[in-house]
Amino acid sequence: MERYPLKDDIWWVGAIDWNVRDFHGYETSRGTTYNAYLITDEKKALVDGVRHGFGPELLRRLRGCCDPGDIDYLVINHVEMDHSGAIPWLVERLGPVKILCSKRAKDALFLLYHGEGVAGWDITVVGTGDELSLGRYTLTFLEAPMLHWPDSMLTYVREPKVLLANDAFGQHLATSKRFADEVDPGVVMDEAAKYYANILMPFGAQVQKLVKQVGELGLELDTIAPSHGVIWRTSADVARIVDAYVAWSHFEAPARVALVFDTRWHSTEKMTRAIEDGIAQEGVECSVFRLNRSALADVARAVLDHRAFLVGSPTLNNGMLPTVGGFMTYLKGLRPKERLAAAYGSYGWGGGGAKQIDAGLREMGLTVMEPLEFKYVPTEDDLSACVEYGRQVARRVKVWGT
Ligand code: FEO
């Protein structure tokens, strides 16, 4: 089996999931990897595991680097099942192994794997600043609660300056290459942005805290090795992903507008195209997503990298269409900030769709323009009003945040 050295005596030993297409509602069109890392120093440490069913792949990769029975430590940075699912299976196949994890991770392991022998595991709790010498290399642990689970932790290998970052800085990207500089940079950043939008957007404050902590602890970063996707190993790539995380955590975005809508008899679609026209007339870039044909993960990513987004729906039973309702629920959980937003749509008699969206956007704490609604099929005058509305949005976006 191909061996993947990361540094002297540090190996990628994870698994490639080429075919996963749904990651708790996040459409992973390019699959993913579950990254685990093995350090073969005087003492041997495995950092992180893989998803249930991928244990044999991990074990084969371990055997390519050492006798798995010689592994002394298993560091569990995070207990979500894409990383811990195979650990009960693996622990049975390793020799006696000391498990290191955060206090919250230990508690969660008992709740997750109570039927799978966890009570017999040799678990030591570690916290921020704790160190473990493996011989030549030293591991330093860095708790990062809510980045993105309460138990989340990162492990820093001090001498080669490698940050084993778990879910931070990842991408859902299956590839036979292991490093960001070996694959199309556009694809990597596209997937990194989509991953941030769908998994880490609610946790910008925690991202900023982590970056600050890394600086305060004087942890120089030569390599950032996440638990999904490719590894950032060149100084340019490390700077690129850290800078991107800082910008995303502050909700910085280019001056462009996303129109997110669904339509029933094409009236809301006509409004969308007219608003798009108005935005374009002001020279502002616009992206359009029809919700019954777009992956929610892509639309969430658009909210991350557009300064404004408008949500359109016709009225159905005094409310919005179910596709729009699903999007609004998903978006509320991602807690977007610093965005200009607005609702629009057509209605037949009582209305209610755009009002319901408007209320949802206001509940999210966004800056919300007055909604735009028209009855039945929009007239030429109505469409001219939509064009003007688009121009107003674009004019505000151009100066938004400046
Ligand atoms: Fe990749 Fe939170 O698991």
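**Exercise 1. Strands 8 and 9**

Find how strand 8 and strand 9 run relative to each other, parallel or antiparallel, in this predicted model.

*Solution.* 
Step 1. Locate strand 8 at residues 44–47. Strand 9 covers residues 73–76.
Step 2. Pick out one position. A45 stands opposite Y73 in strand 9.
Step 3. Check the two faces of strand 9. Y73 and V75 lie on one side, L74 and I76 on the other. All four are buried, so both faces are covered.

**Exercise 2. Strand 14 and its partners**

Work out which strands pair with strand 14, and in which sense.

*Solution.* 
Step 1. Strand 14 spans residues 153–157. Of its 5 residues, 5 are buried.
Step 2. Sort the side chains. In a regular strand they alternate between the two faces of the sheet. Here M153, T155 and V157 point one way. L154 and Y156 point the other way.
Step 3. Take strand 13 (residues 138–143). Strand 13 pairs with strand 14 in the antiparallel sense, over 5 bridges. F141 stands opposite T155.
Step 4. Take strand 15. Strand 15 also pairs with strand 14 in the antiparallel sense, here over 3 bridges. V157 has V162 as its bridge partner.
Step 5. Inspect the link. Strands 14 and 15 form a hairpin with 4 residues between them. In the turn, K161 has a positive phi of about 60°.

**Exercise 3. The surroundings of T223**

Decide whether T223 is buried or exposed, and list its contacts beyond four places in sequence.

*Solution.* 
Step 1. T223 lies in strand 16, residues 223–226.
Step 2. Apply the cut-off. Buried means under 20% relative accessible area. T223 has 1%, so T223 is buried.
Step 3. Read off the contacts. T223 touches L6, K7, K161, V162, L163, I231, W232, R233 and V238.
Step 4. Link back to Exercise 2. Among these contacts are K161, from the hairpin turn, and V162, the partner of V157.

**Exercise 4. Aromatic pairs**

State how many aromatic pairs there are, and classify Y4–W12 and F169–Y245.

*Solution.* 
Step 1. The count is 6 aromatic pairs.
Step 2. Y4 and W12 are 5.2 Å apart, centre to centre, with 90° between the planes. Planes over 60 degrees apart count as edge-to-face, so this pair is edge-to-face. Both residues are buried.
Step 3. F169 and Y245 are 4.5 Å apart, centre to centre, with 40° between the planes. That pair is tilted.
Step 4. Find what the second pair joins. F169 is in the loop between strand 15 and helix 5, and Y245 is in helix 7, so the pair ties together parts that are 76 residues apart in sequence.
Step 5. Check burial. F169 has a relative accessible area of 4%, and Y245 has 1%. Both count as buried.
Step 6. Widen the view. F169, Y196, Y245 and W248 form one aromatic cluster.

**Exercise 5. Charges over rings**

Identify which rings have R178 and R233 over them.

*Solution.* 
Step 1. The charged end of R178 sits over the ring of Y4, 5.1 Å from its centre.
Step 2. R233 lies over the face of F179, at 3.8 Å from the ring centre.

**Exercise 6. The whole chain**

Compare the radius of gyration of the chain with that of a compact globule.

*Solution.* 
Step 1. For 402 residues, a compact globule would have a radius near 21 Å.
Step 2. The chain has 24 Å, which agrees.
Step 3. Of the 402 residues, 59% count as buried.

Methods. Residues numbered from 1 in each chain as written. Predicted model: local features only at pLDDT ≥ 70, side-chain atom pairs only at ≥ 80, totals over all residues. Heavy atoms only, no water. Phe/Tyr/Trp six-rings, centres within 6.5 Å; stacked < 30°, edge-to-face > 60°. Buried < 20%, exposed > 50% of the residue type's maximum accessible area, 1.4 Å probe, protein only. Lys NZ or Arg CZ within 6 Å of the ring centre and 35° of its normal. Contact = heavy atoms within 4.5 Å. Rg over C-alpha atoms; globule rule 2.2 N^0.38 Å. Pairing = 2+ DSSP bridges.
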